[in-house]
Amino acid sequence: PEGAVCPWPPGAGATMGACMNCCCRKKEGDTGTMPADLSEGPVKADKRRCTDPLCLLAYILHWGAFFAVTFAGFAGGDPRQLYFPRDYAGDYCGLGDYSSHERLVYMMNVTQMVQPMMEQVVCSTVSSQALESVLSADDYLAYQCACCLSPCDRCTADKDNPDITSGGDMSSVVAGGMGRLTGASGADLFSGDARYPTFDPNALFSEMTKYYYPVCMTNTTGCNVPPLANVSDTAALRTYTYEPDPDSEFRSAWNTLKTDTRIPAAIRTSLGTPFEFSAYPLGMCPYAARYCIPMPGLNFIEAANNYCFPKMEASAVGALGGAAAEVLEGVAASSISESAGSGLGGLAGQVLATVDALCLVVFWSFIIGLVFMVILRFFVGCFIWTALGMVLALLAGGGLVAFVRSGQCKGAGLFESGTQMAVAAVITAGELAQDALAADTDKCVEALTGRGTLYRGCQSRTRSGTTCQRWDAQAPHSHSWTNASYPEAGLAENYCRNPGNTTTTIWCYTTDPEKKWEQCLPRMVIMPPCPRGYAIETDYARKALEICAYAAWVLALIWILIVICMYSRIALAISLNKVAAMFIYHTPSVMLVPIGQIVVAVVYSVLWAVSASFLISQVPASYTSTEYFATYTEANGNYTTPGACNPAWPQGFGYRYGGNKTSTNDPCTGNLGDISGIEPKCYRCAPPRYVFDWYFALSFFSYLWNNALFVAMGQCIVALACGFWFFTKKEDKGRTSNVSMAARWVLRYHLGTLAFGAFIIAVIQMIRYMMKYMQKQMEAQKNYVMAMLFRVLSCCVWCFEKCVKFLNKNAYIQTALKGTSFCTSAKAAFFLILRNAVRFGVMTALGGIISWIGFFCIMAGTGVVGYFLLKAMHPEVTPLMPMICFTFVAYFVGKLYMNVFHLAVDTSLQCFLACEEAGTGGEFIPSELSDFVNNNKKKLEDPDAKDPEPPN
């Protein structure tokens, strides 16, 4: 570049060190010192050097570590594990042993479906009588306890199952019940029959994991699984004979009833062949036969990622009713049904059909944002003062509402009560003024007891503020209440009285011809008692509201004092906001900086997510236990104790293992199904889809560092561009854009500094995410106290992160303006903030107000323009979904403008403070800040002079 000692680009054979030296070395005539002030604007290129080059080198080296762990992930990870369907045992459909079985469908859990009928049969009167003569006394007692036929610890009452009293009835019940479970139609499954246990349709579809086995099946017919009767290879169909699981408490009684020759033949026959189910062939469903038995009346519909969601067939719909069936389908498919899917498709179609309007809305949204910046230049003062006034009105009005509500009488409206209190307050103020001038007020006794017949006060106005008519006058209203007629009533002048005890309190005739009489309140009473009770009945609640009212008014008073004391700072903040708005108006190309940030960040995030998916999908075989467990609690734990399958996060899960009857040493089924002498262990563990290890930690830290660097680059570029504009002569502002030069300088000289600041942010964020990780671990281990502790620590680190981000942003501004290293810039920014803490605080508070106003204006304007564009271009389209997209676009654009705007405000503040502390000014000072700079110069020239009034 011009002014460099060495040529650019370097000649052939130049080393990386030589290239960096050429980029970062001093220029000819460079003394190596930074200017003491910024009177000539941001430090020029010939005075800048590469800052924090070692940090840049560390940043480059960290990419090597990132690529190393990424390649390790590519070697052993499989992202498909993150989204492919999983069967009941945690195996993946379409992967490994099930690579040719891609679809996840739901088969009937025979154990759960037959359980009610099995208990009905085993616990019936006929079975109980048969077992009593066969089982030992202890075994029979255990049987009765399992069936709740006699009181015991595990039962609270007997089971309400339809009873069976004979072997013939048992055969009929078993045949009918099995017909419902094995029939091709689901019409009978939900039909009521007093002979059989009832299936609850809602439970059957809301507890899918209980009544169904998710299994992987072939993809030849998609989700259109054929009924068993339509399977072409009928010889390949399999048969499964039901029996209670080895760990079932009914297994011993069942086997006795089924095989013991002392049991009546009718019972043994009923428990034999009838409990057989047909299952899909092994080629279609590669599991044991018990996992491949279809649920009657259940079909499937296509869903994303090879999932097949339940859909009831026509016969079952007819039995339940269409509406109920549709609801149950939605429950079963997690609110995804055929109608919902078509509705979602229709909404997506509307969005696609209005893409042309969406493009125009994006364009107009940017125009509206630019117009808002122009309007902000002229009306930011109005916006801020109005917002401050609204805060005051909110506090004062909220206190007023609370006060009125605390004294609101039953049956009276809030507005009516408020009006009466306001009138009473005005009257009281007037009476206090009169009393201050009068000398004979001692004759007035305002005490009012009961209905006020003895009241002798000087109240002469009604509750609505109307003046009372004199008692000795007959106009405008004639009456018979005179002092002669009622000498004991004290009917003097026009004071309120209650002669004759005619109403609930004091009253008078009014001077209003349209209103004859009205009740009064004693003087100095603003909140009168309510004879018929209060709207809020409890004294405690009314007192609490009254205290809240006083508190709100105190806060309102404090707010007024703060605004008065901070008037000059607020005026400065308004001027700085005007300056920032003018910068964006003069330099619209600066909006390309955050847009470029977002594009780069999105592309990088997608690429990183792909690489991270390989890392987290490497679940080691040792992550979950390979042991067998006897109970569900041992495997999955409970609320207070973790299970063996999920002691750490991410958590695996325990599933019920059906055993292997062909094995001679199976932990669940024992020796070829004989479990004598062993405790059946029928639960196993399945691993989670993903895990987090140190490989992922390195990759994630790299992601955080790069994201923070993207943000830092955008902040520094905008700050430098704003600095260029700020120190440009007034007549030249807006004629040239320095955004590209700012980008070149930042990337050439200060990438190391930005990497240093981003590294600090990434470290803090990593600590915060570690706290979240530990919180999850403690929750998995059921240590809720430690989980809460880590949650609190995470919040504390988040607060610290916000503070460091604020300091970093101001440090980047210092680097942009002065070309200093990160530590120097951060130190300068810290002490600058410390010296001007109030100014920065006011700027931050008012910045939030401007943000809300900006979001509202840009979103409202975009919404209106988008609506009319949509109606003009696509009048046939329902506007709901397109308008939602327009709102999202408006929020996105508003976020861009407000981020750049606030950074411009912060930069302008630092430029102003640099001029103020150096006592300099010049033709470059924006007109909005000229008065502030001139006042400061006068103060420096004459320290004894009074502080000038802040400019309007």
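How many of the five residues of strand β6 (residues 308–312) are buried? Four of them are, and the strand is thus mostly covered. Buried here means under 20% relative accessible area, exposed means over 50%, and partly exposed lies in between (1.4 Å probe, protein chains only). Strands (E, at least two residues) and helices (H or I, at least four) are DSSP runs numbered from the N terminus.

The model is predicted: local features need pLDDT of at least 70, side-chain atom pairs count only at pLDDT 80 or more, and totals for chains, interfaces and linings use all residues. Residues are numbered from 1 along each chain as its sequence is written, and side-chain values use heavy atoms, with hydrogens and water left out.

The chain as a whole comes next. It has 27 helices and ten strands. Of its 952 residues, 45% count as buried. Contact means heavy atoms within 4.5 Å. Among contacts between residues at least 6 apart in sequence, 73% join residues at least 24 apart. The chain exposes about 46,400 Å², and carbon and sulfur atoms supply 62% of that area. Accessible areas come from the Shrake-Rupley method with a 1.4 Å probe; for residues, only the protein chains shown count as cover.

Strand β6 has a partner. Strand β5 (residues 298–302) pairs with β6 in the antiparallel sense, over five bridges. Pairing requires that DSSP finds at least two bridges between two strands. Phe300 stands opposite Pro310 in β6. The two strands, β5 and β6, form a hairpin with five residues between them. In the turn, Asn305 has a positive phi of about 60°.

Helix α2 (residues 53–76) was examined for its length and its cover. Its 24 residues should span 34 Å at 1.5 Å a residue, and the end C-alpha atoms are 36 Å apart, which agrees. The expected span is 1.5 Å times one less than the number of residues. Buried residues of α2 are Cys55, Leu56, Tyr59, His62, Phe66, Val69, Thr70 and Gly73. Their cover includes α18, α20 and α22 (751–780).

Helix α20 spans residues 694–726 and holds Gly723. Gly723 counts as buried because its relative accessibility is 0%. Leaving aside neighbours within four places in sequence, Gly723 is in contact with Pro42, Leu817, Thr907 and Cys911. Gly723 and Phe583 are 140 residues apart along the chain, and their C-alpha atoms are separated by 9.8 Å.

Helix α18 (residues 592–616) supplies four residues, the largest share, of a nonpolar patch. The patch lies on the surface and consists of Ile598, Val602, Val606, Val610 and Phe892. Together these residues have about 380 Å² of accessible area. Patches are made of residues with over 30% relative accessible area and no salt bridge; like charges are joined within 9 Å, and nonpolar side chains (Val, Leu, Ile, Met, Phe, Trp, Tyr) within 5 Å. Val610 belongs to α18. Val610 counts as partly exposed because its relative accessibility is 44%.

A search of the whole structure finds 14 salt bridges. A salt bridge is a side-chain nitrogen of Lys or Arg within 4 Å of a carboxyl oxygen of Asp or Glu. Asp78 forms one with Arg80, and the closest N and O atoms are 3.0 Å apart. Asp78 is buried, with a relative accessible area of 18%. Arg80 is partly exposed, at 35% relative accessibility. Arg80 is found in the loop between α2 and β1 (103–108). Arg80 and Phe614 are 534 residues apart in sequence, yet 8.9 Å apart in space, C-alpha to C-alpha.

Glu801 forms a salt bridge with Lys805, with the closest N and O atoms 3.1 Å apart. The two residues are four apart in helix α23 (residues 784–818), so about one helical turn separates Glu801 and Lys805. Glu801 is buried, with a relative accessible area of 2%. Lys805 counts as partly exposed, at 33% relative accessibility.

The side chains of Arg251 and Glu243 also meet in a salt bridge, at 3.8 Å from N to O. Both Arg251 and Glu243 are buried. Finally, Asp245, Asp247, Arg290 and Arg656 are linked in a network of salt bridges.
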